[in-house]
Amino acid sequence: MIEASFFVLKDWTMMNPPKLIIRFALVAEQPNPRDEDRLSSSSSDQSIAGIKRYTGFVRGRDLYPLFDHVSLEANPRAAKTGSVVRDILESLEKTPELFPFKSKGILLGTADYEPLQRNRFELRINDPGSEGVLDGGHNMLAIGIHMLSAVMDRKAIAKISLWEDMKDCWEEQRAALEEIRETFEFLVPVELIVPSDVENSQIIQQFEMSVLEICAARNNNAQLTQETKSNKKGFYDDIRGRLAPQLAARIEWKSNEWESNEARPIKVRDLLALAWIPLNKANEERLLPIDISVTPQNIYRNKGECSKQFDKLMEHAEVSAAREGPIHELNNDVVASAFDILADLPKLYDKIYADFPSAYNANQYRFGSNSIVKIYDPARRETAKDKSGFVLTQPTTHFLNDECDYRYPDGLIMPLVYGLKGLIVVKDGKLAWATDPFKFLDKYLRDIAGAYRLVLDMARFDPQKLAKNQASHEFAVGEFEKALLKHKSKELV
């Protein structure tokens, strides 16, 4: 029987990460020295992509140090309770002897390790963002819940939804868990991947670049999204750093990352779609290193395409470059300026959504007269004979959850959101707002809404026709540009 044990050596120097010792009673090494000899006679690749792996089993009691010291940050898909975790828990409870053969277990990886005597290996997790638990997050979550169920009641266990919830409980119950540690005899498959040569910097770099692809491949069965992979590459770091913390916290940067009590998380592709408003402007001005853009209507109807095009742009050598393993760093001033514009767009989106009904009505029109528009007005609803045009709960905006008075399909104002491109200009080779866009909307949205009625009437207030028609977007851009010319002419007077 193959077994393994984990121990942690405390490093009292705060500059160094904890040292995790994994000890295999029996270990399978791939490739082993004999395998490498055979490979060298038939292939120039002696190290198999610069990776070596060790496989074995770990008893549940010896996983404690992993739960104590290792996060799931390197796992591309955040662990969350659901059918997968429930199935793992059932297996642990009913057939623990079969668990090591029913589960693919846990995949660990690090570029900094040292082989020790008696089949032991010292691991240092220097970069939790790309090292540590690469796959098996749901196994880790389920195993943690299984252990905690021995020291917590069912109601408390039922409240655990995310990995972070389980970790909080783990820390609270750590003393109680230690008392029953020896009872966890079940085996868990563990796989460790490391560089084949820790003295060769090229092999270490090759290993670090391979980790992301391994994560993606291992997580295919978990429906790993393209956005999750891109998040691992660091493509969103410069966007995230520019956003208000309140907004950044609501965005699902990788699958299942939002809080369990968040009723309406924001998909990262919603943000990437908006990014193409300034990026399309940059492409029109021939400021991007490649000819790349998305059609305006795809910002609404095909956000997956917006995400793919974003990745294609970010992967270009003149836009970003790998700096630490798979993590890329932005090196393009034009794209950086587009991200500066993007930082304002969610708030501008919400402002247009909240303010457009009043701006439309200011032109002696009745926005609320259309059946797809609902009004929040408790007093009027109380006395109204027909209550179908009212809502009981106050509507909120898409990105910042700000309260507003109307609820209607976003498609009605998507062309106006794209129309903000008419306020973007080129200054010193970079993108910038021609004027403060918030003050501009306060001053000119009424005029733009009056002209926009033509588009609404032609589409008969059908949000799908509006948002999926390129002409409606181009019309809106034109109206913003005309209003901007009017604004500039006033400034000259």
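Let me start with helix 3, residues 83-94. Its twelve residues should span 16 Å at 1.5 Å a residue, and its end C-alpha atoms are 16 Å apart, so the two agree. The expected span here is 1.5 Å times one less than the number of residues. Helices are DSSP runs of H or I with at least four residues, strands are runs of E with at least two, and both are numbered from the N terminus.

A word on the source. This is a predicted model, where local features need pLDDT of at least 70, side-chain atom pairs count only at pLDDT 80 or more, and totals for chains, interfaces and linings use all residues. Residues are numbered from 1 along each chain as its sequence is written, and side-chain values use heavy atoms, with hydrogens and water left out.

Back to helix 3. Which of its residues are buried? They are V85, I88, L89, S91 and L92. Buried means under 20% relative accessible area, exposed means over 50%, and partly exposed is in between, with a 1.4 Å probe and protein chains only. Seen down the axis of helix 3, the buried residues fall within an arc of 160 degrees, so they line one face. That arc is taken from the directions from the helix axis to the C-beta atoms. On the other side, R86, D87, E93 and K94 are exposed. What do the buried residues of helix 3 pack against? Helix 4 (99-102) and helix 5 (137-148). Contact means heavy atoms within 4.5 Å.

Next, helix 15, residues 303-314. Helix 15 also has twelve residues and reaches 16 Å from its first C-alpha to its last, close to the 16 Å expected. Its buried residues are G304, C306, S307, Q309, F310, D311, L313 and M314.

Now the whole chain. There are 22 helices and 17 strands. Of the 493 residues, 50% are buried. Take the contacts with a separation of 6 or more: residues 24 or more positions apart account for 71% of them.

A cavity is a set of points, on a 1 Å grid over the protein atoms alone, where a 1.4 Å probe fits but cannot get out; lining residues have an atom within 4 Å of a point. Grid points are joined across faces, edges and corners, and the volume is the space filled by probe spheres set on the points. How many cavities of 30 Å³ or more are there? One. The largest cavity holds about 30 Å³. Its lining is L20, V70, L108, G109, T110, L123, I125 and G132. That lining divides into five nonpolar, three polar and no charged residues. Nonpolar covers Ala, Val, Leu, Ile, Met, Phe, Trp, Tyr, Cys and Pro; charged covers Asp, Glu, Lys and Arg; the others, Gly among them, are polar.

H328 lies in strand 13, residues 327-330. H328 counts as buried because its relative accessibility is 16%. Beyond neighbours within four places in sequence, H328 contacts K233, G234, F235, S320, A321, A322 and R323.

Last, the backbone. The Q30 to P31 peptide bond is cis, with omega near -10 degrees. P31 sits in the loop between strand 3 (28-30) and helix 1 (33-42). Where is R286? In the loop between helix 13 (268-284) and helix 14 (298-301). R286 is not a glycine, yet its phi is positive, near 60 degrees. At 76% relative accessibility, R286 is exposed. R460, also not a glycine, has a positive phi of about 55 degrees. R460 is in the loop between helix 20 (437-458) and helix 21 (463-467). At 72% relative accessibility, R460 counts as exposed.

Definitions and conventions: On a 1 Å grid over the protein atoms alone, a cavity is a set of points where a 1.4 Å probe fits but cannot get out, and a pocket is an open set with protein on both sides within 12 Å along at least five of seven lines; lining residues have an atom within 4 Å of a point.
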